[in-house]
Amino acid sequence: MTDDELDQRVRESILAEPIDTARVAAVVRNQIRHRTRIARWALLAIAAGLALAAFFWPRTPSVCVAAAQDHQHEIVQGEPRRWLTDLTAIESLAEKQGVPAAAIPALGTTGYRLERARLCFLKKQIFLHLVYTKDGEQYSVYLRPLTEEASFSDSVRGSEGLAYFQTKRVTAVFVSPTADAQAFARAGARVL
Amino acid sequence: MPTQQEEFENIAMPHLPALLRVARRLTPEPTSAEDLVQETMLLAWRGFRQFQPGTNARAWLFRILFNAFHAAGLKAHLDAPPSQNSFRPMLQERLEMAEALDALPLEQRTVLLLAAVEGFTCQEIAGILETPIGTVMSRLSRARQELRKSLAPMAKEAYR
């Protein structure tokens, strides 16, 4: 008997056996339908979760957006303003505003030094605007004594170029379009 | 555009009889064969997104079947041949063939079924079983040899 003849006999014998797939097919189809339904519900649940998260996700406070715009106008575009450059005068101004003056020199992180300061309005609130500099790069810190209506987080939040937080004493906004504002803010949070 | 379920129905479900036929020769009980095929189809459904349309669906399904077979640890039960309860009353010749097939070692039986009944090439079987093609060819050759040996006395008996 050749291989082909043997295979033929095997084939005929096996194919002659009755095969009933009805039960298996029914179970498989049922399971697939069930799993598809579960997958659809899971997708819906995820979509609903994302929608809720998007709704409740903390948005950047408007005062921070105003700070970023102020930095753009006053520092980047250099619109003319009156600035204080003397440290003693700046500290005195800070004391009057209720901002901890001793923290001002310490706010300059490694290599940065206080360059100038002035008072400004952000969303109708007075902030002390401090500018720190290093090798021609500048970042701004906006400080205001903590008030009842302040609703910032006590941990550093923000996005690229912008960071903000509050302590028991102050509300602080850091703006740095060219460097890591959050790193400055984290350093600032330790001294404010 | 067909849904994924419709595509699965068209591509995978037609191979159910072939899968069940082979599974019945691998497992000790008919219910185990059905469970194995059911598991195979559900695994196939889960991985259906990865299946490339136009490629060999049957070979893909058989590969899943053998993976499921090994994963389920069914091989451990295979010292005993498939239960004869699974077969309907059959002609003497078919019964002899069934007995001869079941007497083959699992590896040889598997390769012979895939080649002779399902028409896979040795290359395809090597892919399905994830075994070197040389091993497949030698198993097939030994399976045919053994089968001839088993069937020969039966044939002599028939001519008496």
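**Entry 1: strand 6 of chain A**

I looked up the bridge partner of Y164(A) first. In strand 6 of chain A, that partner is V173(A). I note that this is a predicted model.

I then checked how strand 5 (residues 162-166) of chain A pairs with strand 6 of chain A. The two strands are antiparallel, with five bridges between them. I followed the chain from strand 5 of chain A to strand 6 of chain A and found a hairpin with three residues as its link.

Next I turned to strand 3 (residues 137-145) of chain A. Strand 3 of chain A also runs antiparallel to strand 6 of chain A, and six bridges join them. I picked out R144(A) and found that its bridge partner in strand 6 of chain A is T171(A).

Is strand 6 of chain A buried or exposed? I found six of its six residues buried, so strand 6 (residues 170-175) of chain A is largely enclosed by the rest of the structure. I sorted the residues by face. V170(A), A172(A) and F174(A) lie on one side, and T171(A), V173(A) and V175(A) lie on the other. Both faces are covered.

**Entry 2: where chain B touches chain A**

I moved to the contact of the two chains. Chain B gives 26 residues and chain A gives 23 residues. On the chain B side, I listed the elements that give two or more residues: helix 1 (4-11), helix 2 (16-26), helix 3 (30-46), helix 5 (92-103), helix 6 (106-117) and helix 8 (133-159) of chain B. Helix 3 of chain B supplies the largest share, six residues. By class, I read 18 nonpolar, two polar and six charged residues on this side of chain B.

**Entry 3: helix 3 against helix 4 in chain B**

I stayed with helix 3 of chain B and looked at how it meets helix 4 (residues 57-71) of chain B. The axes come within 9 Å and cross at roughly 120°. The two helices are therefore oblique to each other. I recorded the crossing as right-handed.

Which residues meet here? From helix 3 of chain B I noted L36(B), E39(B), T40(B), L43(B) and A44(B). From helix 4 of chain B I noted L61(B), I64(B), L65(B), A68(B) and F69(B).

How values were computed:
Residues are numbered from 1 along each chain as its sequence is written. Chains are lettered from A and ligands numbered from 1 in the order in which they are written. This is a predicted model: local features need pLDDT of at least 70, side-chain atom pairs count only at pLDDT 80 or more; totals for chains, interfaces and linings use all residues. Two residues are in contact if their C-beta atoms, placed from the backbone, lie within 7 Å. Helices (H or I, at least four residues) and strands (E, at least two) are DSSP runs, numbered from the N terminus. Ala, Val, Leu, Ile, Met, Phe, Trp, Tyr, Cys and Pro count as nonpolar, Asp, Glu, Lys and Arg as charged, and the others, Gly among them, as polar. Axes are lines fitted to C-alpha atoms, for helices over the stretch in contact, and angles run from 0 to 180 degrees between N-to-C directions. Angles under 35 degrees count as roughly parallel, over 145 as roughly antiparallel, 65 to 115 as roughly perpendicular and the rest as oblique. A crossing is left-handed if the near helix is turned anticlockwise from the far one by less than a right angle, and right-handed if clockwise. A residue is buried if 20 or more other C-beta atoms lie within 10 Å of its own, exposed if 12 or fewer, and partly exposed in between; C-beta atoms are placed from the backbone. Two strands pair if DSSP finds at least two bridges between them.
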